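Please open the model in the viewer and keep the selection tool at hand.

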Amino acid sequence: MDAFVSPLVALFEIQRRAYAREPFPTWPKRRDRLERLGELLREHDAEIAMAIAHDFGHRSQTETQLVEVLPSVQSVKQALRYGRSWMRARRATTSRWFWPARSCVMPQPLGVVGIMVPWNYPLFLCFAPLVAALAAGNRALVKLSERTPEFARVFDELIKRRFSPDEVAVVHGDVDVASAFTRLPFDHLLFTGSTRVGRKVMRAASANLTPVTLELGGKSPCVIAPGYSLDKAAERIVFGKLINAGQTCIAPDYVVVPRNELNNFASACRTQAQRMYPSGLNQRDYCSVIDQHHYERLTQLIDDVVRQGARIEPLFAGPVRDDSTHRLAPLLVFDAPSNSALMREEIFGPVLPVIAYERVEDALSYIRRRPRPLALYWFDHDRRRTEHALRVTHAGGVAVNDTLIHVAQEGLPFGGIGPSGMGHYHGRWGFDTFSKLKPVFIQSRWNALSWFNPPWSERTQRVLEWIKRF
């Protein structure tokens, strides 16, 4: 273990010393780092997309451009546009009894930030927190997933060409390296991954009292309210479920449908899936499952639930599985037992359980009885019913009448709640996550506080009583 712990510690210390020399980088320095990051992406986006496709076995470069490159570019652009204003001290109110003193909040860089990146969106889930960390004036160590080795190799080379190791550095390695990474005394640690691993990350970070942002997952539900167009709902749900073959932390995990619409919903989903991917598993736009391990995990979930009496309905015409390329056709699952692994674990693949409900309150009750998810998708044109649903359910984020798109809004915080995570980032929310929002009180030259110095008199007590009445 020492073989990789020592280099990690050395790299961390390089960045810590660099931060000590420059604890509050100016905006021109931060802007330069962001511009270099943007140039890296603009000049090498095709190379990066090819590396990701290589790691997946197959993923359309257009899909990578859409779901990874484009939002990464936008995150850089927003930080460049607003970063200078984010840096400024923010006015805060001062209690009138302390006037004419002033108060403000000063955003201050934390220091050295650790970012742990998963395999499913290796570019965007690296870029979004890295942009925020650099905009906030920090140094960053980035641990990339061992499941995307080609992307890690390419990205590491590109980072080394544009950044010195004391600014940004990439760390490679397996679970042991990741474990050592979490034990470094970072000033903040952001982890994106499963709830199970998130618990381990938080436990390791706690030894150093390192604050953490955990972007986890869970079983994100879709609810189709009575009267909503099944064709419109199916279009957005199928899109959200089949992008990246369902390997998305905010992908719809199950859908709750009025009981009398089950067959119509299945038909609408099949129509949409075949419209989007007319050649089924042979469609070049359809993504592979990342590797054999996860392919076998998904097929095991399907086989187990079928043995327990569930009914599956493929959405593609033709073959359902291609073992040689670990490609799996999308499936709807009906009547899955509630205690099955499919209904307890985050699916993270193109398998969509469908659950019937009689009344909207039954659907809401079903969601509230389960761990709080990373996303909730509510399809409804009734504003009052929608507002009620938003008030009585908890989720990390919500999209009404769509799926996934809320994550692309840089003006919205992205993060989970409870088992689906803690903390937020994206846009200014990410800047604030990687900053200490330091409260500052500035006393005026003339003030009356000396009146309250001991020894206290009856006059002091009378003044206090008078103040309490206001």
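Begin by selecting Phe470, which lies in the segment after helix α15 (458–468). The model is a predicted one. Is Phe470 buried or exposed? Its relative accessibility is 55%, and because exposed means over 50%, Phe470 counts as exposed.

Now select Phe431, in helix α14, which comprises residues 427–433. Phe431 has a relative accessibility of 1%, and therefore counts as buried. How far apart are the C-alpha atoms of Phe431 and Trp86? They are separated by 7.5 Å, although the two residues stand 345 residues apart along the chain.

Select Arg199, located in helix α7 (residues 195–206). With 52% relative accessibility, Arg199 counts as exposed. As a general point, an α-helix has 3.6 residues a turn, so residues three or four places apart point the same way.

For another arginine, move to Arg327 in strand β12 (residues 327–328). Arg327 is buried, yet it has no salt bridge. Which side chain of opposite charge is nearest to Arg327? The answer is Asp322, at a distance of 6.1 Å. Display the backbone of Leu281 too: the side chain of Arg327 reaches the backbone oxygen of Leu281 at 2.6 Å.

Proceed to Asp166, in the loop between helix α5 (149–162) and strand β5 (168–171). Its relative accessibility is 18%; since buried means under 20%, Asp166 counts as buried. Select Ser164 alongside Asp166 to see a polar contact between their side chains, at 2.4 Å.

Finally, select helix α6, residues 175–182. At the start of α6, look for Asp174, where a side-chain oxygen reaches to within 3.1 Å of the backbone nitrogen of Asp176. Which residues of helix α6 are buried? They are Val177, Ala178, Ala180, Phe181 and Thr182.

Methods. Residues numbered from 1 in each chain as written. Predicted model: local features only at pLDDT ≥ 70, side-chain atom pairs only at ≥ 80, totals over all residues. Heavy atoms only, no water. Helix = DSSP H or I, 4+ residues; strand = E, 2+ residues; numbered from the N terminus. Buried < 20%, exposed > 50% of the residue type's maximum accessible area, 1.4 Å probe, protein only. Lys, Arg positive; Asp, Glu negative; His and termini not counted. Salt bridge = Lys/Arg side-chain N within 4 Å of Asp/Glu carboxyl O. Polar contact = N/O pair within 3.5 Å; in protein donor to acceptor, adjacent residues only side chain to side chain.
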